[in-house]
Amino acid sequence: MKRFLSLACFGALPLLGQTNTAKTAAPIDTGDAHAAQALRTTDTPAELSARLAWWRDARFGMFIHWGLYSQWGCHYPGPDGRLQDGLGEHMMMRLKIPRAAYAKIADLFNPVKFDAETWVATAQAAGMKYIVITSKHHDGFAMFDSPSNDYNIVKRTPWHRDPVKELAEACRRHGLRFGVYYSLGRDWDDPDVPTDLKPDGWRRSNTWDFPDEDKKDFTKYFERKVKPQLRELLTQYHPDILWFDTPERIKPAQSGELMILIHALQPGCIVNQRVGNRYGDYRVAEQEIPAGGWSDAWESCMTLNHHWGYYLGDEDFKPVTTVVRNLIDIASKGGNFLLNVGPTGEGVFPAGSVERLRATGEWLARNGEAIYGTTASPFGKLEWGRCTQRVTATGTTLYLHIFDWPKGGRLFIPVQPGNVASAALLVDGPARSLRVVDGPGQGTMILVPESAPNKISSTVVVQIKGPATVRD
Ligand code: FHN
């Protein structure tokens with residue numbers, strides 16, 4: 001599926017203070033105009049492509065959900081002192097904990113085992129190229145030094161450190177890109193954030209401290225808290241990514257205003273679609289992989305177990321085969337994979353997370369060339385697995401990711417006979433050359449060993465003469 005630009009205009013959105021001529025144009029579709037969530041931008045295609053270049057090559061990042069909810073693993077001491085189940089990082093809402101009581105968690109939050117170098121080393125060992133951490137989740141507590149709002153980790157905890165600053169600096173020291181997550185339309189500590197009532201009728205705003213919905217004015221929260229904190233995040237930490245969440249009731253002009261504010265302060269900063277109102281540089285899939293991928297740049301974010309925040313007792317981490325095959329599937333559709341870790345209240349990654357990430361990094365250490373810097377498969381469905389490719393002026397390299405090793409040592413690929421220059425199997429040590437014969441019909445057959453060198457996924461590298469002339 002090709003990316004295309006359509007000049008469908010989306011109304012005269014007030015795009016403030018535009019200097020670049022391209023920005024005076026109304027937002028244009030960057031993806032499939034018919035897709036409900038297709039993005040629109042005021043950038044030129046060249047600007048958008050330049051901003052996303054490193055991100056598209058990176059393919060794999062670490063998501064970190066860390067906040068006051070991590071203190072007792074998304075549980076909260078009830079009146080009898082026993083820990084009540086908060087069901088996850090939404091614990092303040094699920095248990096309707098009054099903001100004054102919830103804020104007292106900060107008095108105890110003292111992550112003395114936090115070490116940014118260890119976190120970055122774990123991400124690097126996993127083969128991850130960027131990190132996105134929650135700077136402010138729905139509970140409204142800032143995990144960074146926020147001069148505009150004292151409800152933050154430096155001011156309100158006995159720890160008095162700024163983990164966003166320390167992590168940003170560690171990422172830069174080790175060549176990883178850095179991003180911050182910001183809950184845009186949900187803030188349970190602010191009186192002016194209205195409910196975005198979903199079909200299920202569940203009110204996702206703070207209706208227990210602030211029951212009168214009619215009194216809530218999003219614009220007051222937007223001006224009082226969102227914009228000052230975004231300026232702080234952009235000027236204090238210079239993030240490469242701003243990962244917004246739950247835009248809820250933000251207005252189109254406000255989404256457009258944030259895009260302008262961000263790119264005025266940090267021109268290269270990549271913004272996800274949850275800035276709202278179909279703005280943003282890339283689309284977000286959550287806990288899923290879109291069947292055919294999307295023509296816009298896109299990223300799938302997933303948990304490693306069942307929870308975003310550290311959840312006491314959830315040891316059900318995805319097997320490394322699932323993690324790696326998800327990464328391959330996403331890359332074969334042209335997407336990025338943002339895989340989550342929920343550190344404990346002490347600032348430590350759960351052992352189960354570290355183990356999966358280490359094993360994923362081991363696979364990538366030998367097969368990473370088939371993921372990083374590749375683009376989506378030119379094929380339709382493949383019986384034996386997935387494909388990624390690297391297209392250059394001199395030819396195309398296909399990376400065949402074999403999940404189901406072919407019986408009888410014969411691997412069929414839908415490439416016209418005579419088009420394959422060579423094939424090789426990535427194994428420990430030098431790649432092993434494979435014999436190529438013309439297959440039945442219009443296909444090609446590659447003769448492979450009896451057994452797969454890697455049970456997670458084995459990679460066959462195929463050099464094509466010229467651009468891959470393939471058929472589905
Ligand atoms: O409600 C949040 C949730 O806690 C988590 O942060 C995810 C991550 O994408 N976003 C929202 C649910 O869509």
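Of the 14 residues around the ligand, His65, Glu89, His90, His138 and Asp245 come nearest, where a residue counts as near if one of its heavy atoms lies within 4 Å of the molecule. The model is predicted: local features need pLDDT of at least 70 and side-chain atom pairs count only at pLDDT 80 or more, while totals for chains, interfaces and linings use all residues. Residues are numbered from 1 along each chain as its sequence is written, and side-chain values use heavy atoms, with hydrogens and water left out.

| Side chain | Distance to an oxygen atom of the ligand |
|---|---|
| Glu89 | 2.6 Å |
| His137 | 2.9 Å |
| Glu286 | 2.8 Å |

Taken alone, the ligand exposes 330 Å², of which the protein buries 89%. Accessible areas come from the Shrake-Rupley method with a 1.4 Å probe, and for residues only the protein chains shown count as cover.

The report now turns to the strands. Helices (H or I, at least four residues) and strands (E, at least two) are DSSP runs, numbered from the N terminus; two strands pair if DSSP finds at least two bridges between them. In general, strands of a sheet pair through backbone hydrogen bonds, either parallel or antiparallel.

Within this sheet, strand β12 (residues 336-341) is largely enclosed by the rest of the structure, because six of its six residues are buried. Buried means under 20% relative accessible area, exposed over 50%, and partly exposed in between (1.4 Å probe, protein chains only). Asn336, Leu338 and Asn340 point one way from β12, whereas Phe337, Leu339 and Val341 point the other way.

Strand β3 (residues 60-64) pairs with β12 in the parallel sense over five bridges. Phe60 stands opposite Phe337 of β12, and Ile64 has Val341 as its bridge partner. Strand β11 (residues 298-302) is also parallel to β12, over four bridges, with Ser300 bridged to Phe337. From β11 the chain crosses through helix α9 (residues 320-332) to β12 in a right-handed β-α-β crossover; right-handed means that, with the strands pointing away from the viewer, the path from the first strand over the helix to the second runs clockwise.

Helix α9 contains Val323, which is buried, with a relative accessible area of 1%. Not counting residues up to four places away in sequence, Val323 touches Leu304, Lys318, Phe337, Leu339 and Thr360, contact meaning heavy atoms within 4.5 Å. The C-alpha atoms of Val323 and Arg356 are separated by 7.9 Å, although these residues are 33 residues apart along the chain.

Strand β16 (residues 420-425) pairs with β19 in the antiparallel sense over five bridges, with Leu425 opposite Val460.

Definitions and conventions. A polar contact is a pair of N or O atoms within 3.5 Å; within protein, one must be able to donate a hydrogen and the other to accept it, and residues adjacent in sequence count only if both atoms are side-chain atoms.
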